[in-house]
Amino acid sequence: MDISWIPGDQDVIVAAIAGIAVIGGVAAALFAKVRDRRDLDERAVPPRPRTPGETADESTEPPASDADAAPVPEAPAARSGEHPEDPDARFSRLRSRLSGGLGAGLLSIFGRGPLDANAWDELEETLLLADVGPAATDEILDALKARLARQSDVDPKVALHDALLDIIDPTLDRSLTLGTPGGAEGRTAIVVGVNGVGKTTTVGKIARVLVAEQYSVVLGAADTFRAAAADQLETWGSRVGVPVVRSQREGADPASVAFEAADRTRADGADVLLVDTAGRLQNKAGLMDELGKIIRVVSKVQAPSEVLLVLDATTGQNGLSQARIFGEVAPLTGIILTKMDGTAKGGIVIAVQRELGVPVKFLGLGEGVDDLAPFDPQQFVDGLLGD
Ligand code: GDP
């Protein structure tokens, strides 16, 4: 640049211009930082105001081992920027997979015309192979035979569709009872199931959906037996922008962490607490003690409105026996079947729900944040039958 036309010492002028440029750069960087900070603050959910008379220290005495639980430092229950995938789109991924399994078998049976003795045997075998379970299979076949005897002109496939839908019961309430965003009271959901079925992942996915629906959420890492479990939950917490209450000590009392999490949820005025638990199936009495204590202790702050059992759908009859045990030790309100994207045969949905008399509420369709679909009986049966 030619600055010879400017009167005065040219070295001084060059130095002054360089100085101005440096100061300008620093100011621009600072401005960008402040703007980013402000954007973050705007995305944070302000704590729900307490109802009159409600204070942070209203809790009943914490359990003796509470010192174990060390809540992570302040992290606001933030809202996620990006919106989750539409539930219908998620379910259609499942439908296309289902129709390749049970659906294909049924199609070949019904494609041959009226059902003869062989076709009935094949139908029974197909339902059993698809993990529908013997009791539910008998019930479905009896209903189908009765309907066909009553109405000779009905299409057997339509009659089977109706029998499957009846046994799944579309009238059951499959929503999560978790109040409303900004509601007067926080709600708690406790997630149970054996190790490896997908509890932590499911807690993260549910948190993601709730955050997108404007709930403020806290996660409690009550699986204290594996340090990795709390780390994994923390990863999910930062992924979906919600605080995680955990113990820093491996083997800490899970009930104590659950209590700290419930207390933090109330103190923050958050809408929902999701508690991830350890699923050590060492024996029924031990499991009952552990889950019973978590539920009792959390109830000192707020009785859980949901106790959700997570089962790995690919484990078939094994999943069914887990369901039986958990059904005996915990007051289950819903079932979540994970890994429906894998080798799972859809029939487990029917078997497990019939076994427990508790509705299947969600299906896990993969490891990603949006791979959780609300269970829709009509779409599920359509998918099973390849409709
Ligand atoms: P937890 O021990 O019950 O908490 O189980 P995790 O949440 O740690 O999950 C165990 C494994 O299953 C992890 O590798 C998850 O990514 C995987 N997983 C969880 N849900 C699903 C699902 O719906 N589909 C598939 N394919 N994998 C899943």
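Visitor: What span should helix 11 have at 1.5 Å a residue, and how far apart are its end C-alpha atoms?

Guide: This is a predicted model, in which local features need pLDDT of at least 70 and side-chain atom pairs count only at pLDDT 80 or more, while totals for chains, interfaces and linings use all residues. Residues are numbered from 1 along each chain as its sequence is written. Helices (H or I, at least four residues) and strands (E, at least two) are DSSP runs, numbered from the N terminus, and the expected span of a helix is 1.5 Å times one less than its number of residues. The 14 residues of helix 11 (residues 316–329) should therefore span 20 Å, which agrees with the separation of its end C-alpha atoms, 21 Å.

Visitor: Which residues of helix 11 are buried?

Guide: A residue is buried if 20 or more other C-beta atoms lie within 10 Å of its own, exposed if 12 or fewer, and partly exposed in between, with C-beta atoms placed from the backbone. On that criterion the buried residues of helix 11 are G319, Q322, A323 and F326. They cover an arc (of the directions from the helix axis to the C-beta atoms) of only 105°, which puts them on the same side of helix 11. An α-helix has 3.6 residues a turn, so residues three or four places apart point the same way.

Visitor: Which exposed residues does the opposite face of helix 11 carry, and what covers its buried residues?

Guide: The face turned away from the buried side of helix 11 carries the exposed residues Q317, S321, R324 and E328. The cover is counted through contacts, meaning C-beta atoms, placed from the backbone, within 7 Å. What covers the buried residues of helix 11 includes strand 2 (187–192), strand 6 (306–312) and helix 12.

Visitor: Which elements are included in the cover of the buried residues of helix 6?

Guide: One of the buried residues of helix 6 is I168, and I168 is in contact with F380. F380 lies in helix 13 (residues 377–384). The cover of the buried residues of helix 6 includes helix 5 (134–150), helix 12 and helix 13.

Visitor: Is F380 buried or exposed?

Guide: Leaving aside neighbours within four places in sequence, F380 is in contact with I168, V349 and F375. Its C-alpha atom is separated by 8.5 Å from that of G346, 34 residues apart along the chain. Because F380 has 25 C-beta neighbours inside 10 Å, it counts as buried.

Visitor: Are K339 and Q214 buried or exposed?

Guide: Most residues other than glycine have a negative phi, and most peptide bonds are trans. K339 lies in the loop between strand 7 (334–338) and helix 12 (348–356), whereas Q214 is in the loop between helix 7 and strand 3 (217–222). With 22 other C-beta atoms within 10 Å K339 is buried, and with 12 Q214 is exposed.

Visitor: Which residues come nearest to the ligand?

Guide: A residue is near a molecule if its C-beta atom, placed from the backbone, lies within 6 Å of it. Helix 7 (residues 199–212) gives the most to the shell around the ligand, with three residues. K339 touches G198 and G364, among others, not counting residues up to four places away in sequence. Of the 18 residues around the ligand, those that come nearest are G198, K199, T200, T201 and G364.

Terms used
Two residues are in contact if their C-beta atoms, placed from the backbone, lie within 7 Å.
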